[in-house]
Amino acid sequence: MKNAKVRITKERADILLEHLCSRYPYEEAATFFECGWSEGSESLIVTVNDLMLPKAGDMDSKMSGVGLNEQYSLRCALEFEQKKWAIGLVHSHPEGSATYPSSIDDDMDQYYSEYFSGFTKDRPYVSLILSKDKRGKIRFSGRVFYKGQWLLCAHLQIVGDDGFIVRADNVKLKPLPLDLEKRLERLTGVLGKRSAEKLWRSNIVIVGAGGTGSALFHSFVRSCVGRIVIIDPDFGSESNTERVHGFYEEDLRGEPVRKVDMLKRLAAKINPNIEVVALPIDVRDPLALKYLIEADIVFGCTDSQVGKVLISDHSIRHLIPSFHVNVAMEGNEDQLVSEIIHLIKYGPQQACVYCRELVDAQKLSQELMSPEEKLQRQLAEQNQNATHGAYWIGDPVIHTMGSLTTAASELVANYAIGQITGLYKMPEDFLEIDLLKIQNGAVCVPMKRRAHCMCKERDGVASQGEPWL
Amino acid sequence: MMTGTETIKQGQGHEPEKEKNLFIFVNRQKFDRTNGVKEVMTVDEIARLVGLTADTAVVRRIHGNSGNSSDVLSGEQTTKPGDQFSVTRKRVEGGCEERILKELSVLTEGFQEVEFVKTPRPHVIYKNLFVPCLQQKVDVIVAVPNGYPSAMIDRAGLIEGSATMSKVKGQPQEIIQIAGRSWRMFSYHPHTNGGGLPWNPSIHGFHTYLYEVLSWLEVTK
């Protein structure tokens, strides 16, 4: 592991900051908290869950810094021993102060990492420092003791409608490319110069490199998003040339070329400074999931049921803002009557894919079958006595057009830029537009979680909760 | 009446089975005779197993895996194999302020008097600094900026009405009340084209700002 990334919901962050700033402007506060964790490809992902706020007598109120009394330390140690979570400690520095750890912070973390290890065994110990200034600007630093080494926290991501990322005080950021401002001159003219930096420092994952995924990738490359991970196992075929960005004539000759490699090549031609990780694997592959959970935002551009479920699941478990985009066309050879774009936002505390009834269970089961079982089912379907579709419903062929998939992707990219820069947002978490019925055909509907859906218990559980797949 | 076997056992270096296997857990970590575990231990001895003492730690028994702990222990404790104890620092401290105190201790170790005043707003007072042109000693006050150490130290102040006020460079600014005295602040910015290096929190601090203040007192009108 190279570093750690911390995520917290906006709602919980507000409660936390209220407590941490309760002795401002000069005095500090602290609290233990529970957290989930998962190993990404190079980052340890930490999700902040319940706070274990101090009770009477837990803190030395005479100190201007923080003094955690024995009863608080021991109570938390014994409670955490019985739970599956990692233990974290967060304290504030005075109003407007930097959050570099002091030498007594170093001593505190050294002590607690050893003390709690007896009770929590191999689970991480997380230590965060936060401060807020008069204007409400938050500063942050953190470190995690995990598997015998200290990992610095790269950033704190506050996830929610008005979510944002706070970069750590004590971590050096990669320098901005010299041409960034020039490239984004028109964009920054509207969104401000800071938006360029935020785009450059973003790390996004796109699942699916077809019509929508490739167009989205293309858009983000031109918007100078600094790191893009693209996941798709497929090779390009002739029918893709109509839709897949980055697919050229030469790719039809010779050996088949993977879609992700086409996109990596496209990015290099537009802006070689952008880091592209091309993963020619299925999204279910453990390596793909390691990259996925590290993302600042995830984009699902896949028609597969598995893709939909995975993205929804991880957005909740790992507190990752996610978008899923689908297109559909309806009509016949004589006339097209609908061109539909579905755009859904997933995240913690939001309705999951099951709440929204968007999972076709039979198709999902089919996708999850082994090749041998698929063959068996197809043969059974050929039995004329079987009810049609009882064993096998056939691989769906999604009819679409490049103009529609690109239009859908640009819509997503637009909302994503708003999310990244923090300057505007998608009005609700579900948007359906029929391009052939613009005035009457836009539906923008918030959806609450279903009362008994299992997603309610899964916010921030990371790898400590059972995966849906 | 002893049997031959018992005669051999006694005084021949054979220990009863239960004593050989004496071990306890402290903070769920196992310690045995090789670590100094004995049948009767003081709480200080138990605390020292994990690097603390009876003065710095609270020692309790933990009841199995129940998560319940006893009252605070003192004196001597009898230990049996598998006994569980917690040894926890009485107080664990953390916080930001310590950097300033560390910097000031560098000065005090060099026999420079300094005072750190926290209220109503944090300030550092350098005491008894020599003003060459007046052959006198003065106290100089400097504010701890909001956002220190990222925010740079800036300006300096003298006791309102002191003779040094007419000698130092920089525009006189507001009067502040700190530590029961009135101080006049002056526009002195050594880290912003004022003669010093640009502010760098990795290098500069209140221990280095003393030199900026001394320069300010030396270069007078």
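Trainee: Why is Glu95(A) called buried?
Mentor: Buried means under 20% relative accessible area, exposed means over 50%, and partly exposed lies in between (1.4 Å probe, protein chains only). Glu95(A) has 15% relative accessibility, so it counts as buried. This is a predicted model, in which local features need pLDDT of at least 70 and side-chain atom pairs count only at pLDDT 80 or more, while totals for chains, interfaces and linings use all residues. Residues are numbered from 1 along each chain as its sequence is written, chains are lettered from A and ligands numbered from 1 in the order in which they are written, and side-chain values use heavy atoms, with hydrogens and water left out.

Trainee: What makes Lys134(A) and Glu95(A) a salt bridge?
Mentor: A salt bridge requires a side-chain nitrogen of Lys or Arg within 4 Å of a carboxyl oxygen of Asp or Glu. For Lys134(A) and Glu95(A) the N to O value is 3.0 Å, so the pair meets the definition. The two residues are 39 residues apart and link distant parts of the chain. Lys134(A), at 67% relative accessibility, counts as exposed because the cut-off is over 50%.

Trainee: Which class, buried or exposed, applies to Arg227(A), and what is its partner in a salt bridge?
Mentor: Arg227(A) stands at 10% relative accessibility and therefore counts as buried. Its partner is Glu275(A), with the closest N and O atoms 3.1 Å apart. Glu275(A), at 37%, counts as partly exposed.

Trainee: Why do Arg243(A) and Glu242(A) qualify as a salt bridge?
Mentor: Their N to O value is 3.6 Å, and the limit is 4 Å, so they qualify. Glu242(A) is partly exposed, because its relative accessibility is 45%.

Trainee: How do you know how many residues of chain B and chain A are in contact?
Mentor: Contact means heavy atoms within 4.5 Å. By that rule, 33 residues come from chain B and 39 residues from chain A.

Trainee: What is the area buried between chain B and chain A?
Mentor: Buried area is the accessible area (1.4 Å probe) that two parts lose on being put together, summed over both. Here that is about 2800 Å², 52% of it on carbon and sulfur atoms. Arg28(B), Arg89(B) and Val92(B) supply 20% of the area that chain B buries against chain A, more than any other three residues.

Methods
Helices (H or I, at least four residues) and strands (E, at least two) are DSSP runs, numbered from the N terminus.
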